[in-house]
Every structure is written in structure tokens, then in C-alpha cells.
Amino acid sequence: MRYIEPHGHMVSRVTDDYEAMVLAGCRAVCEPAFWAGYDRSGPEGFYDYFCQLTDYEPKRAAKFGLPHFTWLCINPKESEDTKLAEEVIALIPQFLDRPSVLGIGEIGLNKNTRNELKILEQHIDLAARHDQLILVHTPHLEDKHKGTRLILDALKADARIQPGRVIIDHVEEHTIQMVLDAGFWAGITLYPESKTTPARAIDMYEVYGGQRVWLNSACDWGRSDPLAVPKTAIEMRRRGHADETIDQLVFQNPIRFLGQNPRFTVR
Amino acid sequence: MTRQQLLDLYFMDARSKLIDIAAFLDRMDRGEGEPDFRLDAFRKALAELHRGEPERAKSVLMSLSDLTVEPIAKAPGKGAVGAWKMTNEK
Ligand SMILES: [Zn+2]
């Protein structure tokens, strides 16, 4: 088996996870910028984090022969403070030339507030001005449906944004249709409690099709499983899917999306 | 896959989750004090299982969702609890 982990917060995982992922067939890992579990005290904290994502973490992954890529932004959980968010957004362009940066992400909404939306629009503008791919985080649980609608509206309102260059992550049964109908890519996140189980992820793949879909573990410091993608591939086999179909979903699809950035050369 | 094959794959798992839900409701009955909006939301969502169409997962998720459309003025906190409580805050 071979697969790509397109969404993993490796800074909060132990080195053994890298080894286990490579043993399971992982050929590349991509790490969006996210919330640390606490609010950073100022823009300097983000500067250091972006250095960690673009410099230290690729070296840690390289020890296992695993290519490591990243996405940069201030996450929606911290964008309620618009002054801080604007300072952080101003820091990002100087990092965009670094060789492992794939785009702007994971941007989006958390509690669907006006301030979060304002900062989302600024991120969309940043991505458009620098011709970057976009990775979007959709809100949790009861806030997901409303947030996904607001996010799609904000993206559609900017004529420079091409839906095929944007992935809307953490879709579930009530949001996947509107994402795919609008021409965007959809990410299905496999979590032990919230988001989806392997069985539900495969249901969505079977019902809605897998042309513009990827699977990810979004493993971080919470309850999550860095091997969720290969475990779902095993579940797909139990469901009677052919090896080629599985390879399409867990390996070739992420390459089709991420390969729109020439820096992503994994094949 | 045939229904027979799907049962072979998933029946025991679904059975176990069904009993967990039953035990959870029993546990709620034995608990003391007033429950909050989450229990009402849970019971309302349970009713979605009786729908005939194969969109039960979507219906349950929608039933637990905030269906308002306007962004709110201020975040009440960072977290989500899994069920929506109607408030007057705008
Ligand atoms: Zn994430």
C-alpha cells in the first residue's frame, strides 16, 4: 500500500509516528498551520511556529525518508482577535518562497463570527494575490453546516478563486454535497469520536463519488490516529473495493490536488 | 455489496453502538438534577432514525446543527458541544 497523509499536525506527534506512517506506506505528509491548544501571546509566536513548520519539521520527517510539506495561516480559533490576525497575515509572505510551502491553510471558521469571517476574507485575498492553493478547515459539530455555507459564500464572492484549487476539509454527510456541487475538493477527516469513522468515510465515497475527495487523519495533540488513512484503506478492501480504486483515493487524488503546486513532486 | 455481506461486516458493531445508546439513556434516567438542551437535542435526533430515506446520517447531523444563517457578533468560547442551543445573541 502507498498513501499520502495530506493533513497531519506532526509538530504535536512523537517521532515514532513518523516511523509507523512510513512503515504503513506513507509517501508524503502535509502539515497545515493550526491552533496550538492555547493562544499564542503575539505574532512572534507565529513567526517561530512558521520557522518550525518550514525548517525543523521537514528535517525530522526526512530522517525517515518522508517528504514533509506545509500550509501557512493564522487558524480561525485565534482570528477572533483581528489585530493579532492581521499582524500574523503580514508575516506570511516572507515564508511563501520556502521550498516546502504548498499554500494558505488551514483557514476557515470556528464559531462563525463576523471577525473570523473578516480574517477568512483576508486570507482568501492573500492566497489570490500570491496565486496559492487553499486548504479550508470547517467548524466543529453543530457549527459545521452553517460555517461551511459561509465559507463557500466567501470563496465564491472572490472572482479570482478557482474552486479546483481549494480543498474544503472535514466534510461530513450534511456538507459534502454542497462542497462538491460548487466545484471544490472535499477532505474527509477520520477521527475516533468527532468527524467520521472509516465506515462512514467509505459510505460517502460510495454515495457521492471520489473524483475530488481525499482522506486524512488530521492527527494532532487530541485523540486522533496518524494511521487512520491506511486503516481506512484496509476497510475499503473489506468492502470489496479494488486495490486500484483504493490507490486512486489515498494516493493519486492527493497528488492530483497538491501537484497543482509544482513544489509537490511526489509521484 | 449485498445486504447479507454488509450485515456480516457491520451488524455486531452497530448492535454494540445501539446498546451503548440504550445504556446511555438509562444512565441519564438514573442521574439526578435537570438535564440541559443536549438531551432534548439527542432525543430529537434519535427520531431521525425512523425516516425511510437512506439519508439518516445527514438528517441526524442536520438535527444537531445550528441552522441560522448570519455570522454571530462574538465567539461565546472556542469549543463546540455537539448540539445547538438557540440563543437570542446576534
Ligand atoms: Zn487540522
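Colleague: Which residue forms a salt bridge with K118(A)?

Modeller: That's E86(A), and the closest N and O atoms of the two are 3.8 Å apart. Keep in mind that this is a predicted model.

Colleague: Where do K118(A) and E86(A) lie in chain A?

Modeller: K118(A) lies in helix 4, residues 114–129, and E86(A) in helix 3, so the pair ties together parts that are 32 residues apart in sequence.

Colleague: Are those two buried or partly exposed?

Modeller: Partly exposed: K118(A) has 38% relative accessibility, and E86(A) has 33%.

Colleague: How many salt bridges are there over all chains?

Modeller: The count comes to 26. One of them joins E206(A) and R239(A), with the closest N and O atoms 3.0 Å apart. E206(A) lies in helix 7 (198–208) and R239(A) in the loop between helix 8 (228–238) and helix 9 (243–258) of chain A, so this pair ties together parts that are 33 residues apart in sequence.

Colleague: What about accessibility for E206(A) and R239(A)?

Modeller: E206(A) is partly exposed, at 42% relative accessible area. R239(A) is buried, at 6%.

Colleague: And what's there in chain B, say for E53(B)?

Modeller: E53(B) forms a salt bridge with R51(B), at 3.5 Å between the closest N and O atoms. E53(B) is partly exposed at 40% relative accessibility, and R51(B) is partly exposed at 38%.

Colleague: New topic: how many residues does each chain bring to the contact?

Modeller: Chain B brings 29 residues and chain A brings 26. Together the chains bury about 2400 Å², with 58% of that on carbon and sulfur atoms.

Colleague: Which three residues of chain B supply more of its buried area than any other three?

Modeller: Y10(B), P71(B) and K78(B), which supply 27% of the area chain B buries against chain A.

Colleague: How many salt bridges and polar contacts run between the chains?

Modeller: There are 2 salt bridges between chain B and chain A. One of the pairs is D66(B) with K146(A), at 3.6 Å from N to O. For polar contacts, the count across the interface is 14 residue pairs.

Colleague: Which helix of chain B gives the largest share of the side that touches chain A?

Modeller: Helix 3 of chain B, with 4 residues. By class, that side of chain B has 18 nonpolar, 5 polar and 6 charged residues.

Colleague: What coordinates the zinc ion?

Modeller: H7(A) and H9(A), each through NE2, plus E106(A) through OE, at 2.0 to 2.2 Å. In sequence these donors are spaced H-x1-H-x96-E.

Colleague: Where do H9(A) and E106(A) lie?

Modeller: H9(A) lies in the loop between strand 1 (3–5) and helix 1 (15–24) of chain A, and E106(A) in strand 4 (101–108), so the pair ties together parts that are 97 residues apart in sequence. Both H9(A) and E106(A) are buried.

Colleague: One more: where is R165(A), and what does its side chain reach?

Modeller: R165(A) is in the loop between helix 5 (144–157) and strand 6 (166–169) of chain A. Its side chain reaches the backbone oxygen of D131(A) at 3.2 Å.

Colleague: Does R165(A) count as buried or exposed?

Modeller: Buried, at 16% relative accessibility. Leaving aside neighbours within four places in sequence, R165(A) has contacts including L133(A), I134(A) and F257(A).

Conventions:
Residues numbered from 1 in each chain as written. Chains lettered and ligands numbered in written order. Predicted model: local features only at pLDDT ≥ 70, side-chain atom pairs only at ≥ 80, totals over all residues. Heavy atoms only, no water. Contact = heavy atoms within 4.5 Å. Buried area = accessible area lost by both parts, 1.4 Å probe. Salt bridge = Lys/Arg side-chain N within 4 Å of Asp/Glu carboxyl O. Polar contact = N/O pair within 3.5 Å; in protein donor to acceptor, adjacent residues only side chain to side chain. Helix = DSSP H or I, 4+ residues; strand = E, 2+ residues; numbered from the N terminus. Nonpolar A, V, L, I, M, F, W, Y, C, P; charged D, E, K, R; others polar. Donors = N, O, S within 2.8 Å, 3.2 Å for Na, K, Ca; no water. Buried < 20%, exposed > 50% of the residue type's maximum accessible area, 1.4 Å probe, protein only.
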